[in-house]
Structure formats: structure tokens, C-alpha cells
Amino acid sequence: MIQPLFLAHGSPMTAIEDTEYTRFLEQLGPKLKPKAIVIFSAHWESEVLAISSTDDTYETIYDFGGFPPDLYSIKYKARGSKKLAAELADRFKHNGIENRLDETRGLDHGSWTMLHRMYPQADIPVVQLSVHPYLATSEQYRIGEALRGLDQEDILIIGSGVTVHNLRVLNWGDRHGTPERWATGFDDWLIDHIQSSDKEALFRYMELAPAAKQAVPTPEHFVPLYIALGSGDPARKPEVIHRSYEFGTLSYLSMQF
């Protein structure tokens with residue numbers, strides 16, 4: 001059994017830098033030996049849930065600019081799985097969730113930068129899925145619920161995003177300084193309500209969580225958390241598996257469900 005995860009993908013530099021978080025990812029991968037990976041990326045947005053469907057090697061998408069040349073030289077040559085993509089599509093259809101198969105899209109940096117650190121051999125099949133940022137949080141959770149039980153099949157579900165993600169308030173001059181209290185306070189609130197299974201409050205986080213508008217100015221990086229949470233066994237208590245911050249507010253909070 002491999003429990004679902006929410007992982008912070010942070011900057012594209014996650015792929016090449018040596019940091020506390022990248023060392024965590026490198027240690028996490030060998031602890032988990034999934035037969036396949038299902039990953040929801042904050043960097044693939046669509047109104048209808050899209051599922052990558054290919055048995056070929058993915059294109060590595062460099063959906064960013066202005067970074068060192070070394071970053072653009074990485075090719076994450078993971079293969080997909082049409083069989084698993086079709087199984088996911090059937091699960092969603094059975095639960096009344098509209099979806100479509102996508103046979104052309106590669107892996108964006110919401111996926112490959114982290115997977116490159118966790119599984120550098122790229123020898124595990126990957127199916128990437130999109131997010132619809134403006135669905136209700138309860139609907140995001142329901143998308144995750146449709147995937148419950150995949151952990152029993154040793155399929156790793158990852159929600160790839162960031163809890164506190166506001167590029168306008170980053171302190172670029174102080175990468176490893178003390179994080180802002182409002183940023184840690186928002187994450188504290190999330191952890192408390194996730195671990196107490198208070199879904200009613202979690203679904204209303206924008207009204208109830210402290211500094212929610214600062215932490216989540218746009219929802220695309222946040223909703224993968226709810227998908228991953230929904231996919232976990234509700235009988236298990238969620239755990240924080242990593243927590244650190246950069247530039248004062250950028251959160252690397254990661255959880256296991």
C-alpha cells in the first residue's frame with residue numbers, strides 16, 4: 001500500500017538545486033516503490049478533467065523562462081500508460097465526473113521537476129492529470145474520492161501544488177530567513193483542520209482560514225491538496241512529511257493521506 005501525497009513543487013529549480021526540500025524528495029522516492037504514478041499538476045488547467053493517455057515517452061515541457069541552461073537540458077523520459085489512463089477515465093465516469101483523454105501532452109514542471117528527484121531513472125509509468133481551479137473545493141475532494149483504493153494497488157497518487165503561493169509577496173533577498181507569521185499561520189490552520197477531518201471548514205477555507213487571500217491569490221496551486229486529501233483513506237490520520245519555507249512565504253508543506 002502506498003498512501004497518496006500532496007507535494008510542493010515550488011520553483012522549477014527543484015530539479016537541479018541542492019536544498020533541504022530536494023534532499024527530502026531524493027530520500028522519499030526510494031521509500032516508495034509504486035507500480036505507477038498518478039499526478040495532478042497545478043500547471044495543467046482545463047475545464048474538463050484531462051488525463052494523459054500514451055504508452056510512449058513523454059515530452060519534457062519547459063513551461064517557464066529565464067532559468068539556467070542546465071535546467072533546460074533535463075529530459076525526464078518517463079512513459080505513460082494507456083491502460084491506467086482508461087481505468088482512471090472509467091472511475092471518473094462511474095462517479096459522474098466528466099473527463100477526456102489527452103494523447104499529446106507532455107509532462108510539465110509541476111510533475112517532472114519533482115519526479116526527476118524522486119525517481120531519476122524515470123522507470124515508473126506516469127499518468128498526469130489536469131486541474132480545474134475554479135471548481136468548488138468539495139468537488140476537488142470528490143475527484144480525489146473517485147480514486148480511493150488505488151493505494152491498495154501500489155499506485156501513487158500525487159497532488160502537485162503549493163499551499164502558500166503568492167509570488168508578489170516573496171522576499172527575494174532573504175531566501176532562508178524566518179518565514180512570515182501569516183504564511184505559517186495559514187499552514188497551521190490547514191494542518192489542524194485536515195488532521196481533525198473538519199471538511200466543512202476546509203471547504204470554506206477562503207472564509208475561515210487566516211490570511212487565506214494572501215496565501216491563495218489564485219487557486220490552481222492549492223486545489224491539488226484537496227484532490228490528494230480526497231483520495232486517501234479517511235480512516236487514516238494525515239501526516240505532515242515535510243515543512244519548510246523559502247523567501248519568507250513560499251511553502252514547501254507536504255502531506256501524506
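Guide: Let's start at Ala211, which sits in the loop between helix H8 (205-208) and helix H9 (212-215). Helices here are DSSP runs of H or I with at least four residues, strands are runs of E with at least two, and both are numbered from the N terminus. Before going on, please note that this is a predicted model, in which local features need pLDDT of at least 70 and side-chain atom pairs count only at pLDDT 80 or more, while totals for chains, interfaces and linings use all residues. Residues are numbered from 1 along each chain as its sequence is written, and side-chain values use heavy atoms, with hydrogens and water left out.

What draws the eye at Ala211 is its phi near 60°, a positive value in a residue other than glycine. Ala211 has a relative accessible area of 23%, so it counts as partly exposed (buried means under 20%, exposed over 50% and partly exposed in between, with a 1.4 Å probe and protein chains only).

Ala183 is buried, with a relative accessible area of 0%. Leaving aside neighbours within four places in sequence, Ala183 is in contact (heavy atoms within 4.5 Å) with Val164, Tyr245, Gly248 and Thr249. Ala183 and Glu47 are 136 residues apart in sequence, and their C-alpha atoms are 29 Å apart in space.

Glu47 brings us to the second largest pocket, because it is one of the residues nearest the centre there, along with Ile97, Glu98, Leu135 and Ile143, out of 15 lining residues. That pocket holds about 200 Å³ of space. The elements that give two or more residues to its lining are strand S5 (126-131) and helix H5 (137-145), and H5 gives the most, with 3 residues. By class, the lining divides into 7 nonpolar, 4 polar and 4 charged residues. A pocket is found on a 1 Å grid over the protein atoms alone, as an open set of points with protein on both sides within 12 Å along at least five of seven lines; a cavity is a set where a 1.4 Å probe fits but cannot get out, and lining residues have an atom within 4 Å of a point. Volumes are the space filled by probe spheres set on the points, which are joined across faces, edges and corners. Ala, Val, Leu, Ile, Met, Phe, Trp, Tyr, Cys and Pro count as nonpolar, Asp, Glu, Lys and Arg as charged, and the others, Gly among them, as polar.

Strand S5 also holds Val131, which counts as buried at 1% relative accessibility. Not counting residues up to four places away in sequence, Val131 touches Phe40, Ser41, Ala42, Trp44, Glu45, Ser46, Glu220, Val223, Pro224 and Ile227. Pro224 is 93 residues from Val131 in sequence, with 7.4 Å between their C-alpha atoms. Helix H10 (residues 223-231) is mostly covered, with 9 of its 9 residues buried; among them are Val223, Pro224 and Ile227.

Two more spaces deserve a visit. The largest pocket has a volume of about 340 Å³, and of its 22 lining residues, Gly10, Ser11, Pro12, Phe67 and Leu167 lie nearest its centre. Its lining has 11 nonpolar, 7 polar and 4 charged residues. Ser11 also lines the largest cavity, together with Met13, Thr14, Glu17, Thr19, Tyr21, Thr22, Arg175, Glu246 and Tyr252. The volume of that cavity is about 50 Å³, and its lining has 3 nonpolar, 4 polar and 3 charged residues.

Now for the whole. The protein has 10 helices and 10 strands. Its radius of gyration, taken over C-alpha atoms, is 17 Å, close to the 18 Å that the globule rule (2.2 Å times the number of residues to the power 0.38) gives for 257 residues, so the protein is as compact as a globular protein of that length. Of those 257 residues, 57% count as buried. Residues 24 or more positions apart account for 81% of the contacts with a separation of 6 or more.
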